[in-house]
Every structure is written in structure tokens, then in C-alpha cells.
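Please keep the viewer open as you read.

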Amino acid sequence: MAEIPLLRLSGVHTHIGRYHILHGVDLAVREGRLTVLLGRNGAGKTTTLRTVMGLWKASAGSIEFAGKPIQAMATPDIARLGIAYVPETMGIFSQLTVRENMVLASTTGRFEEARLDGVVFALFPVLREKWHSAAGSLSGGQKQMLAISRAIIEERRLLIVDEPTKGLAPAVIEHLIDGFQKLKQSRATILLVEQNFHMARSLGDDVAVMDDGRVVHTGPMADLAADEALQERLLGLSLASHQ
Amino acid sequence: MRFGARLISGDKPGHPVLSVLLIALLVALAGAPFFFPGTRSLAVASQICIFIVLAASYDIMLGYTGIVSFAHTMFFGMGAYGVAIPLANGWVGWDAILLGTVGGVLLAVVVAIGIGLLSLRVQAIFFSMVTLAVASFAQLLATQLRGITGGEDGLTFSVPRVLSPAFRLLAQPLFGVRLDGRVMTYYLIFAVTLVLFLLMLRIANSPFGSVLKAIRENGFRAEALGYRTVVYRTLAGALSAAIAAVAGALMALLLRYNGPDTTLSFSIMVDILLMVVIGGMGTLYGPALGAVVIVLAQYYLQPAMQALSDATAGLPLLPAIFHPDRWLLWLGVLFVLIVYFFPAGIVGSLRGRARKG
């Protein structure tokens, strides 16, 4: 029997105002795997994530999470199903402290000290030092660490992360890759939009490539990483330039 | 020290000057009948207490949640009428005060929830307009329903004996102050103010308060974390309305009178807005200081100008500039100066300076 994906989009269309952005997106995210969504700027990756979260409403098609249709649900209800979303803009609250940002991400208003120490501070120790600082005073990399930490402060069924490396220094990117590797070891299910092919290749189990509002390729990341011609055709890049 | 921090829910003032100001305010209000004896001073101290509650409750809406409402005086009036109506109808007792306050609070909560659920989904400007319309309607209703509210004339009533001026707690004055019903009324108002202010600090520094601040900063992000912003905004509105209603009940007890002009007028709404903006939005301590500035200015600016005008009687132009009839002009100048030197309000600006070191 075929494995049922945790998240499945079937023929999803999204309109933003009079613009038709998604033209029938089909995508499956399997449980316990990291799926990377690749594509050129404007391909519809962020819109796909925002449509999953209900921030843009799908005008047609279906979105199922753990077998349950969610395309008509409100954003807070979708989040409460156990989906954590880290938007491209990080989505942190800059006027609140790091601690307050973390409290907000907890469904109970509290968090387990063990998880804080064992998972969050183990991945991003700098957050312990900045615990009572205003989130707005953090550097770009630290803000991204906070945004990701917020998504993992409790066990979630799915993490959706939009371009976490955007605008970050290479050293910080390596640190983030390390963090995602550790998350993968905990069998977390992750849907990651990433432009940085080096990061995508290091982390991805599965890959979906979007172009012009459609998914034009799906398969194991290893296959795409090994096929330079396919990369050239889908993404307009060669692996050699990203070694 | 630790107890003090717990009492204020860990919300430290954040600047030495601010700490001194707040401690001075607390001490001055706690001993007001003894430090500033006299009926007028006691009335000023009572009004400061009531406006601290009213402005701080408005700060939960404006400062913490980012909602501009013009209906806050309506909730203030509901609490005041809640107490005034039974007392004016001859039911003079603590049970009437308690039930009247609870009735006013419940009505305020129901109306706030109604307004919130119906209009918080729309854009902020439309919500503000809706609250303005509802508040105007409530004021109109209070003037039209003469049989219940006393119309334009309002309601004058007696209060329980302990709160009446003729009551004496002790036969002899204490430190030269006669402990009469006015002092009892003041301490009732002071105690309720203290409890409500600490309660608001508790709420503002709870996870619920963090959600409100998050919604103020970015509602969409809060929704993506699983928070229904309309529900939280409505809850904040209901909480703020309930506390404003209690402040209204205190005002009615203080004046032993309630009418549309004393609790429902739009000029009170403007005063509340000024208190919050001058003191510093989203700080709670700010509105408390703002209330002190505005109430003191309203009571003492005119006499101070009279004194200045008299003192400069022999000089050209100055007596005319400081003529007490021009007190509103000088009040305006005072506001402009405060906003210029403290753009984030008194508390916000002081905290900002402390952060910069």
C-alpha cells in the first residue's frame, strides 16, 4: 500500500487580487522527511506555503493535512493542527523579548525546561544569552535562529520554513544547516523553501521544483543532485558552480 | 525586594527617575488625606485614582492591543449609572453598590464583546468609527431615558452612612485629620485603584499580555502562530470595558451624582487619550503618570496662572499672557512640550534612554 503523505496539495490554484499565481500545484510531503521546494524567483514557492497556512485562500483544489482537508480552515486553526510556519520575513515580534517570542509559540503559554535546554539552546546557544533582550535588537542570523526555535519549542507535526538563509552570512548558514541536520535526526517532517542549492542538497530527502505556479518535477533530492543536466533544465544552474 | 517585584509582576519601571516618580505617587496617594488635607485636595486625589484606573484600562486597548476606541467613556458611564440608578431609587446600601457595579460591569462586557465581534474584523479606522457611533448613541440614550437616568440633569443620590460626609470613624482627629465619610470614600477608591492596577500589570505581563502585544505588532504573524486575533482583541476590549465600568462606579460614589456630562462626555474621552499618549502607550505606568499630569493641570493650572498674573501685575503684557482665562491655551502648550520632549510618552522616553545607556 502506498504511503499516505502528511501534507498533500492537489490541483491548488491561488489568486491574489486579479493575479493568478498558482496554476494547479500538486505536492506531497512525506512524514519524517525533509522536502525541499526549489524554483526561480516568482515561481510561486512562498505563495504555496502561504496557501497551505491559509494566509492566501486556495481558489480551487484541495489541501490535506494528515488526511484532513484544510483549505477552508482559518490560519489559527491550521497552526493548531501542529503546523509551525517560519515565514521568509522570519515572523518574529521585534518589540517583544526573545523569551516572550518563545512563550507565544507555546500552546500552553509555558515550555518544558528540558526541551528548552535539550533542543532549543542545544541548537542555538546564543538565544540563552539574549533571553531577555528585545528580539528587534538581534542580528539577522539570530533572528532566524529565534524564528526556527519558536517553531520547535514544542513538538510539531510539520515545520514549514521559507528561505531561512536569505541575507545571512555563510558562517551563519553553516550553523543553520547543522541545526536542520539535528532536526532531521529527530525525524521531524519539514517543508523547506530554499534558493541556496548547497543547503538544499545537504538537507533534502525529497525535492519538488516549481516553475510558473506549477510543480514541474518531484523526486528524491539525490537524483537531482546527481543529474546536472536536470538541474540545468529545471533551475538553470550547474552543480559545479555550487561546489 | 523579591516580593515587590512579584507584586508588580516583574514589570520594573526601567529608569531610576521613573522609579522615584512612581514611588512618590504611591506614597502621596496612600497618605493623601494627611499630606494634603482639605476637601478640594481629597477630590483631586480621588479623581487621580479614578483616572489612573480609567486611563490604564484604556491602555490595554490602545497601548497593548493597538485598538483605537472612542467608546471607553460609555463603559465608564455604564458603571456609574449601574451604581447611581439603584441608589437614586432609594435602595441605599452596600448590596445596591455591589449589584449596581456588577450590573454595570456585565453590561459593559456584553456591549464590548458585541462591538468587538461585529466590528474588529473590519479595518481599524472603521472600528474606531463604530465605537464613536455607539458611544454617541449611548450618550443620547442616557439623555433621553429620563425616567431611568434622570436625563440631562442626571441622578443625585445618598450613599451608605460610612461614605457620607457626616460619618466619623473616630471621635478625635488623627494627625489633625478628621476621619469622616469623605476620607472613607477616598480610601475605598484608593484600595480599588491599587488592586485593579496590580491586576492590570499581572494581565499585561502574562502570556495573554504577550499575545496582545504580538497582535499589536503584527496580527497576521500572531494568526500564523495559532492565535485568533479577533477573539483576543475582543477579550482585551471586554476586560478594558469591565475595568472602566468599575472606575465609573467609583466616580459615582465620589460625586454622589451621575449625569451624561460627568461620565459620558466626549471631552473625558479626549482626556483619557491624552493621559495615555502623554504618559506612554503600552506601559500602564505611563497612563498613571499621564492621569496625574492632566488632573493636576485641570485643577491647578488656572489658580497658578492667576497667581502668576497677579505677581506680574506691574509688568507690560505678562499679566495678559498669564490671565487665568487663557489656561486652556497654556494647557495646550504644556501638551505640545511634553510630546516634543517625550515623543514616546514620559515612560516610553525614559525607558528608551535607559536602554541606550
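B:Thr193 sits in helix α9 of chain B; helices here are DSSP runs of H or I with at least four residues, strands are runs of E with at least two, and both are numbered from the N terminus. B:Thr193 counts as buried because its relative accessible area is 5%. For this label, buried means under 20% relative accessible area, exposed over 50%, and partly exposed in between, with a 1.4 Å probe and protein chains only. From B:Thr193 to B:Gly219 is 26 residues in sequence and 31 Å in space, C-alpha to C-alpha.

A note on conventions: this is a predicted model, in which local features need pLDDT of at least 70 and side-chain atom pairs count only at pLDDT 80 or more, while totals for chains, interfaces and linings use all residues. Residues are numbered from 1 along each chain as its sequence is written, chains are lettered from A and ligands numbered from 1 in the order in which they are written, and side-chain values use heavy atoms, with hydrogens and water left out.

## The largest pocket

How much space lies in the largest pocket? It is about 1,400 Å³. A pocket is found on a 1 Å grid over the protein atoms alone, as an open set of points with protein on both sides within 12 Å along at least five of seven lines; a cavity is a set where a 1.4 Å probe fits but cannot get out, and lining residues have an atom within 4 Å of a point. Grid points are joined across faces, edges and corners, and the volume is the space filled by probe spheres set on them.

The pocket has 34 lining residues, and those nearest its centre are A:Thr97, A:Glu100, B:Asp11, B:Asn205 and B:Lys213. At least two lining residues come from each of α3 (98-105) of chain A and α9 (181-204), α10 (207-217) and α18 (345-356) of chain B. By class, the lining holds 10 nonpolar, 14 polar and 10 charged residues. In this scheme Ala, Val, Leu, Ile, Met, Phe, Trp, Tyr, Cys and Pro are nonpolar, Asp, Glu, Lys and Arg are charged, and the others, Gly among them, are polar.

## Enclosed cavities

There are four cavities of 30 Å³ or more in the structure. The largest cavity has a volume of about 130 Å³. Its lining has 14 residues, with A:Ala84, A:Tyr85, A:Arg156, B:Ala224 and B:Leu225 closest to the centre. Two or more lining residues come from each of β6 (83-86), α3 and α6 (140-152) of chain A, and β6(A) gives the most, with four. The lining of the largest cavity is made of 12 nonpolar, no polar and two charged residues.

The second largest cavity holds about 90 Å³. It is lined by 14 residues, and B:Met61, B:Ala112, B:Ile115, B:Phe127 and B:Gly237 lie nearest its centre. In chain B, α6 (94-119), α7 (124-144) and α12 (229-255) each supply at least two of the lining residues. Eight residues of this lining are nonpolar, five polar and one charged.

## Salt bridges

How many salt bridges does the structure hold over all chains? The count is 14, where a salt bridge is a side-chain nitrogen of Lys or Arg within 4 Å of a carboxyl oxygen of Asp or Glu. One of them pairs A:Asp211 with A:Arg40 at 3.9 Å, N to O. This pair links distant parts of the chain, 171 residues apart: A:Asp211 is in strand β9 (residues 206-211) of chain A, and A:Arg40 is in the loop between β3 and α1 (45-52). A:Asp211 counts as partly exposed because its relative accessibility is 32%, and A:Arg40 is partly exposed at 41%.

A:Arg80 and A:Asp77 form another salt bridge, with their closest N and O atoms 3.4 Å apart. Both lie in helix α2 (residues 75-80) of chain A, three residues apart, about one turn of the helix. In chain B, B:Asp153 bridges to B:Arg146 at 3.5 Å between the closest N and O atoms, and B:Asp153 is exposed at 53% relative accessibility. Salt bridges with shared partners also join A:Arg30, A:Arg33 and A:Asp206 into one network.

## A loop glycine

A:Gly32 is found in the loop between β2 (19-29) and β3 (34-39) of chain A. With 11% relative accessibility, A:Gly32 counts as buried. A:Gly32 and A:Arg157 are 125 residues apart in sequence and 9.0 Å apart in space, C-alpha to C-alpha.
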